Amino acid sequence: MARPMKRILVTGSAGQIGSELVMVLRDRYGNDDVVAGTNRTQPSKAVQESGPVEVCNINDKGQLHSIVDRYDIDTIYNMAAILSAVGEQKPLLAWHVNMDGFHNVLECAREKELARVMNPSSIAAFGPETPRMNTPQETVLKPKTMYGVTKVAGELLGDYYFKRFGVDVRGVRYPGIISSETLPGGGTTDYAVAIFYEAIQKKRYECFVREDTVLPMMYMPDALKGLIDLAEAPLENLKHHCDFNMASMSFSAGELAAEIRKHIPELEVTYKPDFRQAIADSWPQSIDDSAAREEWGWKPSYDLATMTKDMIEKLSARLL
Ligand code: AKB
């Protein structure tokens with residue numbers, strides 16, 4: 001039987017996923033029991049005002065251990081990461097944070113016998129040799145970005161720590177995440193968030209991938225629910241640990257623009273592909289997530305239409 005989770009540290013809590021994850025976890029487990037760890041960026045006002053916040057650089061072993069000791073942490077959600085686009089500009093930094101930092105988290109979990117480590121992987125673990133449609137759970141993993149390399153290595157390292165040391169490490173391969181609270185930073189799928197802000201504020205958007213670029217995407221409420229459901233799943237039900245495929249919706253940049261135009265008909269989109277096009281072209285278009293569905297009951301709630309409507313309502317209320 002897995003140990004219960006009582007006190008949680010979220011690293012990268014100022015980031016796109018971390019900032020919303022902290023709030024959902026605080027709702028679920030209590031404000032004081034979820035520590036928001038952040039390195040350089042200030043977390044949102046909501047995060048700062050609702051519970052403990054600590055400076056937490058996962059590359060600083062002493063700092064990480066001290067937070068875990070002081071708050072009696074038993075679960076770490078490791079959301080600190082350098083994403084694909086920044087990772088291509090700063091590959092050594094991507095390795096340092098995504099691998100050395102994650103290794104520190106794992107070592108901390110091993111030494112202090114923590115109940116659980118959650119470490120998201122990504123569709124970036126796949127590469128051009130991977131089947132692009134309905135990408136299987138078990139398949140070729142030969143990414144061509146440093147981010148992807150660290151994601152594959154992170155999956156393997158997490159699985160190794162589980163088998164070798166009994167550390168309960170779990171993770172999902174996230175597609176592009178769309179959300180209205182915090183902007184993503186430095187990813188290839190960022191256009192699918194930026195287009196909403198620009199559509200609402202300027203009625204025009206210049207997209208950095210081609211109109212026909214199709215990628216798997218997911219709305220934030222599904223992404224958070226999925227990660228927490230996996231964290232709470234009984235260990236004995238899991239055959240996989242750190243590499244669950246997770247799917248929700250797939251659409252081209254042009255299809256997304258057309259869906260937004262149903263709400264904002266004046267929207268004009270131009271397409272000017274840059275270096276991120278090659279990254280997008282190396283990733284799958286759709287994902288087979290049957291292992292996640294079978295082993296821990298994964299089931300998304302949002303599709304392109306319901307996600308778009310909700311994004312526009314939330315962002316319009318805030319930005320206009
Ligand atoms: C990125 O674009 O780098 C991320 C991802 C798919 O992991 N959003």
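## Ground rules

The model is predicted, so local features need pLDDT of at least 70 and side-chain atom pairs count only at pLDDT 80 or more, while totals for chains, interfaces and linings use all residues. Numbering starts from 1 along each chain as its sequence is written, and side-chain values use heavy atoms, with hydrogens and water left out.

Helices (H or I, at least four residues) and strands (E, at least two) are DSSP runs, numbered from the N terminus.

Let's start with an open sheet of six strands, in the order 3-2-1-4-5-7 and with parallel pairing. Two strands pair if DSSP finds at least two bridges between them. Strand 3 (53-55) and strand 7 (169-170) sit at the edges with a single partner strand each, so one side of each has no neighbour in the sheet. Further in, strand 1 (residues 8-11) and strand 2 (residues 34-38) run parallel and are joined by three bridges.

Helix 3 (residues 61-70) lies across strand 1, strand 2, strand 3 and strand 4 (75-78), and runs at about 155° to strand 3. Helix 8 (residues 220-232) touches strand 4, strand 5 (116-118) and strand 7, and makes about 155° with the direction of strand 5. For these angles, axes are lines fitted to C-alpha atoms, for helices over the stretch in contact, and angles run from 0 to 180 degrees between N-to-C directions.

Now look at strand 11 (residues 214-219), where six of six residues are buried. Buried means under 20% relative accessible area, with exposed over 50% and partly exposed in between (1.4 Å probe, protein chains only). Both faces are covered: V214, P216 and M218 are buried on one side, and L215, M217 and Y219 on the other.

Strand 11 pairs with strand 9 (residues 176-178) in the parallel sense over three bridges, and I177 has M218 as its bridge partner.

## Aromatic pairs and charges over rings

The structure holds seven aromatic pairs. Rings of Phe, Tyr and Trp (its six-membered ring) pair if their centres lie within 6.5 Å; planes under 30 degrees apart count as stacked, over 60 as edge-to-face and the rest as tilted. F244 and W296 have ring centres 5.8 Å apart and planes at 85°, so this pair is edge-to-face. F244 belongs to strand 12 (residues 244-245) and W296 to helix 11 (residues 290-296), so the pair ties together parts 52 residues apart in sequence. F244 is buried at a relative accessible area of 0%, and W296 is buried at 9%. W296 also pairs with W298, with centres 6.1 Å apart and planes at 40°, so that pair is tilted.

Elsewhere, Y160, Y161 and F165 form one aromatic cluster. The charged end of R110 sits over the ring of F165, 4.9 Å from its centre, and R276 lies over the face of F208 at 3.5 Å from the ring centre. A charge sits over a ring if NZ of Lys or CZ of Arg is within 6 Å of the ring centre and within 35 degrees of the ring normal.

## A buried serine

S180 is found in the loop between strand 9 and helix 7 (191-201). S180 is buried, with a relative accessible area of 5%. Not counting residues up to four places away in sequence, S180 touches E20, Y197, Y219, M311, K314, L315 and R318.

Definitions and conventions
Contact = heavy atoms within 4.5 Å.
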